[in-house]
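Hi there,

Here is the structure I promised to pass on to you.

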Amino acid sequence: MDIKPTLKELAAIADVSIATASRAISHPEKVKFSTRRKIERAIEEFSLKNKKTGSGIIGLIVPDLTNQFFPMMLTGIEMVARSNSYTILISNSGADEKNEEDNAKKLIDMGVDGIIIIPSGETRSRYIQQIVKDNVTPIVFLDRNPDLDEINLVTTDNYSGMYQAAKYLMTLGHSKILYLDGTEGTSTAKDRLRGFYDAIGENGDTGRIVADFSFNKARSEIGKLLQSAHFPYTAVLSANDNMALAAMEILRDNGFRVPEDISVLGYDDIPNARYAGLTTIKQPFVEMGMNAMYIMLANINNPLSSKKNIVLPSNIIFRSSCAVARTMRI
């Protein structure tokens, strides 16, 4: 891909004024032949120095390919990438910061035209921080905020989404709510937890399990809690759908009815949530991916373009997994 010179750059190379360079391009018939040739040679010289072939490949680093949410964002990324003749190369960090850094190094060594990163947490990697600072290659962070300055970022309003969720359960009379938290240190987990506590305020008798956005860990931890002598909760509110689906499964395995005995509410709206009848907070994952790729294209075409920070709204999707709290029924 070729970078086009500015009028100022052309004028400097050709040793003419900016006005003359502009006139030579816009109205060449009004400029003498020798000046036009100066401008043409300046364009040729600039192109030779700044020609970029481009690999036509965008790297994508995700923390967990088994989580349906991340591949759904890939759908949006690929829609825009394909229509602009780019291919997406995916690497899985396994939610490990060292793997994330190694993957970024390999992608840059391969000469990709840019990298979209869904961070495993706050980005403490000095390597990634440095390539962002030095603008080595276009970088767009997606879904999770890496807590770095001057970055391209596409995310959703996680605080507002979880606030909506908690308030909805409260309108159904739920005050004894078990909260399933995500991976500590991720912006999504922190913002959703803050939204939950702000919504509940002083009115709740809540519990919290950190289950790292994992189906298996959520199922295991809730199973341990159910084996204890006391399980007072009338609702389970989860920081993602994976953990919510695990809650529905283990609760039913232990004789609880959802939602008659316990309501369950998730976050993301992955395809499995729809099939399970899970009430959840919908994230616009396709739109998130599309926006990330649009920002990437803008940065490839103009490496000096200003950084973009896009925050998309989330909204609640009502299904059949929530009901009025049993303590409120006559």
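Please keep in mind that this is a predicted model. The largest nonpolar core has 72 residues, and the ones with the most contacts inside it are Ile116, Leu142, Phe196, Leu237, Val264, Leu265 and Met293. There is also a second, separate core of 14 residues, which includes Ile61, Leu107, Phe141 and Leu148. As general background, nonpolar side chains tend to be buried together in soluble globular proteins.

Next, helix 6, which spans residues 126-133. Which of its residues are buried? They are Ile128, Ile131 and Val132. Looking down the axis of helix 6, you will find these buried residues within an arc of 105°, so they line one face of the helix. Arg126 and Lys133, on the other side of helix 6, are exposed. What do the buried residues of helix 6 pack against? Their partners are helix 5 (97-110), strand 3 (114-117) and strand 4 (139-142). Following helix 6 comes Asn135, which has a positive phi, near 55°.

Leu7 belongs to helix 1 (residues 7-14). Its relative accessibility is 35%, so Leu7 counts as partly exposed.

Now to the charged pairs. A search of the whole structure gives 15 salt bridges, and a few of them are worth a look on your screen.

- Asp143 and Arg144 form a salt bridge in which the closest N and O atoms are 3.9 Å apart. Both Asp143 and Arg144 are buried.

- Asp191 and Arg194 form another, with 3.7 Å between the closest N and O atoms. These two residues are 3 apart in helix 8 (residues 187-200), so about one helical turn separates Asp191 from Arg194. Asp191 is partly exposed at 27% relative accessibility, and Arg194 is also partly exposed, with a relative accessible area of 43%.

- Asp269 and Arg319 are joined by a salt bridge whose closest N and O atoms are 2.9 Å apart. Asp269 sits in the loop between strand 9 (263-268) and helix 11 (271-276), while Arg319 is in the segment after strand 12 (315-317), so the pair ties together parts that are 50 residues apart in sequence.

- Asp181, Glu184 and Arg208 are linked in a network of salt bridges.

Best wishes

How values were computed
Residues numbered from 1 in each chain as written. Predicted model: local features only at pLDDT ≥ 70, side-chain atom pairs only at ≥ 80, totals over all residues. Heavy atoms only, no water. Buried < 20%, exposed > 50% of the residue type's maximum accessible area, 1.4 Å probe, protein only. Helix = DSSP H or I, 4+ residues; strand = E, 2+ residues; numbered from the N terminus. Arc of directions from axis to C-beta. Contact = heavy atoms within 4.5 Å. Core = buried A, V, L, I, M, F, W, Y, C linked by side-chain atoms within 4.5 Å. Salt bridge = Lys/Arg side-chain N within 4 Å of Asp/Glu carboxyl O.
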